[in-house]
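Work through the exercises below on charged side-chain pairs. Each task is followed by a solution in steps.

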Amino acid sequence: LWSRTLPDRLFYVSGAPNGDVLFLGAENPGQPAVRQVILKFTADGTGPSVDACIGCGPGFVMEDGSGNRVVLHAGILDDNYLDYITSQGLQSWTTRNRAAVAFLVLFDVAFDSEGNVIAAGSFSSAGGSFDQKPVARGLCLLKFSPTGQLIWLDSLGMDGTFAGVGTSAIG
């Protein structure tokens, strides 16, 4: 059992497959230089390692078994976006500005056994596109490769929200 002082504002806590604990938060809220950070503690409480990340508001962070992370950020206006950060702490890809006309609101993400990212969300209007693929208004599922390529997009054509998304042990 261990405890630590955390940033001024904490948005999300998650566990990594190896037992490490990740915190997404912000330092210096209300100040001109707000910095969103990912804090990582080992399972025994050692740490934290601190990574700054590009985001402007609440969100969450997940990590796969190799230490790669996906961060969901609140965006400007109606949309939000994913950033994929490698185990070396480098931003590899983002979904920011990949939707045309239709805002993409993401609810949850998961990694599959091959490091692909499955995202559950909703498009706010019909007639738009994501990576030049047409989308319908409403719920959608997207799958991205570890390099950020859109593998598939399924517009479900119904309104609502997802409570969560997950994958089986075999992906």
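A salt bridge is a side-chain nitrogen of Lys or Arg within 4 Å of a carboxyl oxygen of Asp or Glu. The model is predicted, and the structure holds four salt bridges.

**Exercise 1.** Decide whether Glu63 and Lys40 form a salt bridge, and state what the pair ties together.

Solution. Step 1: the N to O separation for Glu63 and Lys40 is 3.0 Å. The cut-off is 4 Å, so a pair at 3.0 Å meets the criterion. Step 2: Glu63 lies in strand β5 (residues 59-63) and Lys40 in strand β3, so the pair ties together parts that are 23 residues apart in sequence. Step 3: buried means under 20% relative accessible area; Glu63, at 5%, is therefore buried, and Lys40, at 17%, is buried too.

**Exercise 2.** Find where Lys40 and Asp20 lie in the chain, and classify Asp20 as buried or exposed.

Solution. Step 1: the side chains of Lys40 and Asp20 meet in a salt bridge of 3.4 Å, N to O. Step 2: Lys40 is in strand β3 (residues 35-41), while Asp20 is in the loop between β1 (9-15) and β2 (21-27), 20 residues apart. Step 3: Asp20 has 10% relative accessibility and so counts as buried.

**Exercise 3.** Locate Lys143 and Asp112, then name the residues that shared partners join into one network.

Solution. Step 1: Lys143 and Asp112 form a salt bridge at 3.4 Å, N to O. Step 2: Lys143 belongs to strand β14 (residues 138-144) and Asp112 to the loop between β10 (104-111) and β11 (117-123), so the bridge ties together parts 31 residues apart in sequence. Step 3: both residues, Lys143 and Asp112, are buried. Step 4: the network made by salt bridges that share partners consists of Asp20, Lys40, Glu63 and Arg69.

Definitions and conventions:
Residues are numbered from 1 along each chain as its sequence is written. This is a predicted model: local features need pLDDT of at least 70, side-chain atom pairs count only at pLDDT 80 or more; totals for chains, interfaces and linings use all residues. Side-chain values use heavy atoms; hydrogens and water are left out. Helices (H or I, at least four residues) and strands (E, at least two) are DSSP runs, numbered from the N terminus. Buried means under 20% relative accessible area, exposed over 50%, partly exposed in between (1.4 Å probe, protein chains only).
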